[in-house]
Amino acid sequence: MLKKVKQPTIQVCPSGSALEKEHRKWLAQASEAAHRNPKRGGSPHPTVKVGAVLVGANGKEIAHGANRFAHGLDWKDPERYIDGERSMWFNCAEQMVIAHALREKMEVAGARLYVTLEPCAVCAGLIVECGIKEVILPAQAVGDYPRLKPKWRRSVEIGLGKLLEAGVKVTTVETA
């Protein structure tokens, strides 16, 4: 008979704690990054603006960013917003902050990632491979994105499963 292994679960940050205050601060910065003007690095996505902040083990910001086009691509081209193709042009916020950190030769292993939406399946794999130790999310993350398509809802379910199975701590924080 196989022994059932207890699966890790998503942690809930204790209400009223100093850690909750810190997590809220970084999540607010992630949200701000997503909603900046696209000319200043914010998300040009018309309905799903996602922001992320990567914080080093020392508690200092490593990088921040939003889901957007890679540098050098024309984000104003209307053909890139065609439904069904848009997601092929956009990079996720998690990818953008990790790429920025690596370009700057910053230490990513052991960092915490604050993101306004659960990582998709692809980003979750990247997070695991980079050695990021914790992902912090708003408690109502998917609920804050009512126009998120079913394929992306499924992708974030798979992403959370990947993170938990690989031992990445996932913490939710009440932000409202």
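## Fold and overall shape

The chain has five helices and six strands. Helices are DSSP runs of H or I with at least four residues, strands are runs of E with at least two, and both are numbered from the N terminus. Read from the N terminus, the order is β-α-β-β-α-α-β-α-β-α-β. The radius of gyration is 16 Å, close to the 16 Å that the globule rule gives for 176 residues, so the chain is as compact as a globular protein of that length. That radius is taken over C-alpha atoms, and the rule is 2.2 Å times the number of residues to the power 0.38. Along the principal axes, the C-alpha atoms fill a box of roughly 55 × 40 × 35 Å.

This is a predicted model: local features need pLDDT of at least 70, side-chain atom pairs count only at pLDDT 80 or more, and totals for chains, interfaces and linings use all residues. Residues are numbered from 1 along each chain as its sequence is written, and side-chain values use heavy atoms, with hydrogens and water left out.

## Burial, contacts and charge

Of the 176 residues, 42% count as buried. Buried means under 20% relative accessible area, exposed over 50%, and partly exposed in between, with a 1.4 Å probe and protein chains only. Contacts are heavy atoms within 4.5 Å. Among contacts with a separation of 6 or more, 66% join residues 24 or more positions apart.

The chain exposes about 9900 Å², and carbon and sulfur atoms supply 55% of that area. Areas come from the Shrake-Rupley method with a 1.4 Å probe; for residues, only the protein chains shown count as cover. There are 26 positive and 19 negative charges, and their mean positions are 2 Å apart. Lys and Arg count as positive, Asp and Glu as negative; His and the chain ends are not counted. Each charge is placed at NZ of Lys, CZ of Arg, CG of Asp or CD of Glu.

## The nonpolar cores

A nonpolar core is a set of buried Ala, Val, Leu, Ile, Met, Phe, Trp, Tyr and Cys residues joined through side-chain atoms within 4.5 Å. The largest one has 28 residues, and Leu54, Leu113, Ile132, Val135 and Leu163 have the most contacts inside it. At least two residues each come from strand E2 (51-55), strand E3 (61-66), helix H3 (93-103), strand E4 (112-115), helix H4 (121-130), strand E5 (134-138) and helix H5 (150-165). H3 gives the largest share, four residues. Apart from this core lies another, of nine residues, including Trp26, Leu27, Ala30 and Ile136.

Beyond its neighbours within four places in sequence, Leu163 contacts Pro119, Ala124, Ile127, Val128, Val135, Val168 and Val170.

## Helices H3 and H4

The buried residues of H3 are Ala93, Glu94, Met96, Val97, Ile98 and Ala101. Their cover includes E2, E3, E4 and H4. In H4, the buried set is Ala121, Cys123, Ala124, Ile127 and Cys130. Those residues pack against H3, E4, E5 and H5. An α-helix has 3.6 residues a turn, so residues three or four places apart point the same way.

Each helix is followed by a positive phi. After H4 comes Gly131, with phi near 80°. Just after H3, Lys105 takes a phi of about 60°, although Lys105 is not a glycine.

Where does Val170 sit? Val170 belongs to strand E6 (residues 169-173). Val170 counts as buried because its relative accessibility is 0%. Val170 and Val135 are 35 residues apart in sequence, yet 4.9 Å apart in space, C-alpha to C-alpha. Leaving out residues up to four places away, Val170 touches Thr9, Ile10, Gln11, Val135, Leu137, Leu160, Leu163 and Leu164.

His23 lies in helix H1 (residues 18-35). Its relative accessibility is 1%, so His23 counts as buried. Again not counting residues up to four places away, His23 touches Cys13, Arg112, Tyr114, Glu134, Ile136, Thr171 and Val173.

## The loop between H3 and E4

Lys105 lies in this loop. At 75% relative accessibility, Lys105 counts as exposed. Glu107 is found in the loop between H3 and E4 and is exposed, at 57% relative accessible area. Glu107 and Ile62 are 45 residues apart in sequence and 8.3 Å apart in space, C-alpha to C-alpha.
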